[in-house]
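I opened this notebook to keep track of what I looked up, one entry at a time.

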Amino acid sequence: MKRSKIALASVALAGIGALALAGCASGGGSTEPTGGSSDAIVSTNGSEPENPLFPANTNETGGGKIIDSIFAGLVYYDADGNPVNDMADSITVDDPQNLTVKIKEGQKFTNGEEVNADSFINAWNYGAKLSNNQKNSYFFEDIEGFSYDEDTELTGLKKVDDLTFTIALNKPASDFALRLGYSAYFPLPQAAFDDPTAFGENPIGNGPYKLAGDGAWQHDVEINLVKNDDYTGGRQAQNGGLDIVFYASQDAAYADLLAGNLDVLDAIPAASLATYESDLGERAVNQPAAIFQSFTIPENLEHFSGEEGKLRRQAISMAINRPEITKTIFQDTRTPASDFTSPVIAGWSDSLEGADVLDYNADKAKELWAEADKISPWSGTFQIAYNSDGGHQEWVDAVSNSIKNTLGIDASGAPFVDFASLRTEVTNRTITTAFRTGWQADYPGLYNFLGPLYATNASSNDGDYSNPEFDKLLQDGISNTDPEAANEDYQKAQEILLQDLPSVPLWYSNVNGGYADTVQNVQFGWNSVPLYYAITKG
């Protein structure tokens, strides 16, 4: 194929179509600074990370919010989800399986070490290596040399010179260039490999912020970040740093926002959704975001494998009155799901075959449950586990009651004290109930909502789902350079998911947040995360 050099944004968006967000933050502004103190510290809400802060081992929002602030990858995503070169000077797509990356000169980690080709090659090899057991290793599976069975080197990564490397894929991956802003692909300094444990507690990054010093991470309390003056990319901080406070509940965080003790909040508790826009006025935020909510029923739970399991999953799904719950609990700030992705992503469809399994249908639900009982009579209690610090109790109770009242079974929520506790049991496969799940997109593409969650052996496939027909359609889609044809494959793949229901789709989320009158230039991005670097204060 003829070699062609194309700007990254053109390559990435040609692969998925233009991303469009319907709506905007009611108080959101431009990312251009309009005043405030350059050394003022901005406070925001967060949650205790599940793991030490290692990019390839962080796949949850608590740690991700921090990782994305202290590291910089080859690209970042702007407010609308468009990729913008960060550490990359250029990314050339030579053909659908080969890319060439040139890194900007003069980029450094906060310890003074240069960000170069080795920083990326070594980090990606560490993330991909089987024995390192990194949660995001799946993101390297398309690179030549990757293996799920043994320790291997990513032979598809070749250093050309100190600031240039090439990427050879083992199959065409039409959105690979678009993925490169995700944290799994961040570079690492040598210290990360010398002592990974120590590094995870006190990471050395290259992004717009850095840890404030020893003791900056107070576990289960907060983490303190300060501006990294050596960062020269497009996300240069317009403030002095971030204090990310780990709240035990969303109610406590919202109370602090109203009291002036918190600057920016990215989640409103359910009990305040009816009033927060009047409480905050133009500082209230309500906009679509690439967030999908669900709950997962593990394949190994009694009554939920084989044909019996398929019938019970479908029955449970049809027993949930999504329109009523999104109206009553969320004040219509959620939209009932009709697929497994998000309406703000190009290629989304609301007319998939089999999507009626997501409609409330009490009679059909009872019929399917009775069919399952003929295979093996139901026994026990159906529970949905959730973390109590995330504002989930109201909707879990509502979903459980809908299932209970429709199917006539005992159904309830199973609270965990915090997100880390829940994730530990999910990760270790010791959880004995269904559990809440969801997805905040890593990059703006349909594949990102499907591959990492449901492909065999995928990093976030918490229910251990496996279907060869689904896997094949997924690979057909990612190998197709025609975006429309690729999206058709993804839609067909989702029609299989609608039959198997490895997770039960619930609704699409708006980001509902707000900010205090102490800060300006607050804008929430396509994936619901505030653009912290653009915020001014004072």
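Predicted model: local features only at pLDDT ≥ 70, side-chain atom pairs only at ≥ 80, totals over all residues.

I looked up the largest pocket and found a volume of about 520 Å³. I then asked which residues come closest to its centre, and of the 22 residues that line this pocket, they are Asn133, Gln134, Lys135, Ala458 and Ser459. Sorting the lining of the largest pocket by class, I noted ten polar residues, along with six nonpolar and six charged ones.

**Entry two: H15 and H16.** Next I turned to helices, keeping in mind that two packed helices are described by the angle between their axes and the distance between the axes. For helix H15 (residues 468–479) and helix H16 (residues 483–500), I found that the axes come within 8 Å and cross at roughly 165°. Since an angle over 145 degrees counts as roughly antiparallel, H15 is therefore roughly antiparallel to H16. I also recorded that the crossing of H15 and H16 is left-handed. The contact includes Phe470, Leu473 and Leu474 on the H15 side, and Tyr490, Ile496 and Leu497 on the H16 side. By class, the residues of this contact between H15 and H16 are nine nonpolar, four charged and one polar.

How do the axes of helix H9 (residues 306–318) and helix H11 (residues 362–375) cross? I found that they come within 8 Å and cross at roughly 160°, and H9 and H11 are therefore roughly antiparallel to each other. The crossing of H9 and H11 is left-handed. Among the residues that make the contact are Leu311, Arg312 and Ile316 of H9, with Leu368, Trp369 and Glu371 of H11. I noted that the residues of the contact of H9 with H11 comprise ten nonpolar, six charged and one polar.

Note on methods. Residues numbered from 1 in each chain as written. Heavy atoms only, no water. 1 Å grid on protein atoms, 1.4 Å probe; cavity = no way out; pocket = protein on both sides within 12 Å on 5 of 7 lines; lining within 4 Å. Points joined across faces, edges and corners; volume = space filled by probe spheres on them. Nonpolar A, V, L, I, M, F, W, Y, C, P; charged D, E, K, R; others polar. Axes fitted to C-alpha atoms, helices over the stretch in contact; angles between N-to-C directions. Helix = DSSP H or I, 4+ residues; strand = E, 2+ residues; numbered from the N terminus. Parallel < 35°, antiparallel > 145°, perpendicular 65-115°, else oblique. Left-handed = near helix turned anticlockwise from the far one by under 90°. Contact = heavy atoms within 4.5 Å.
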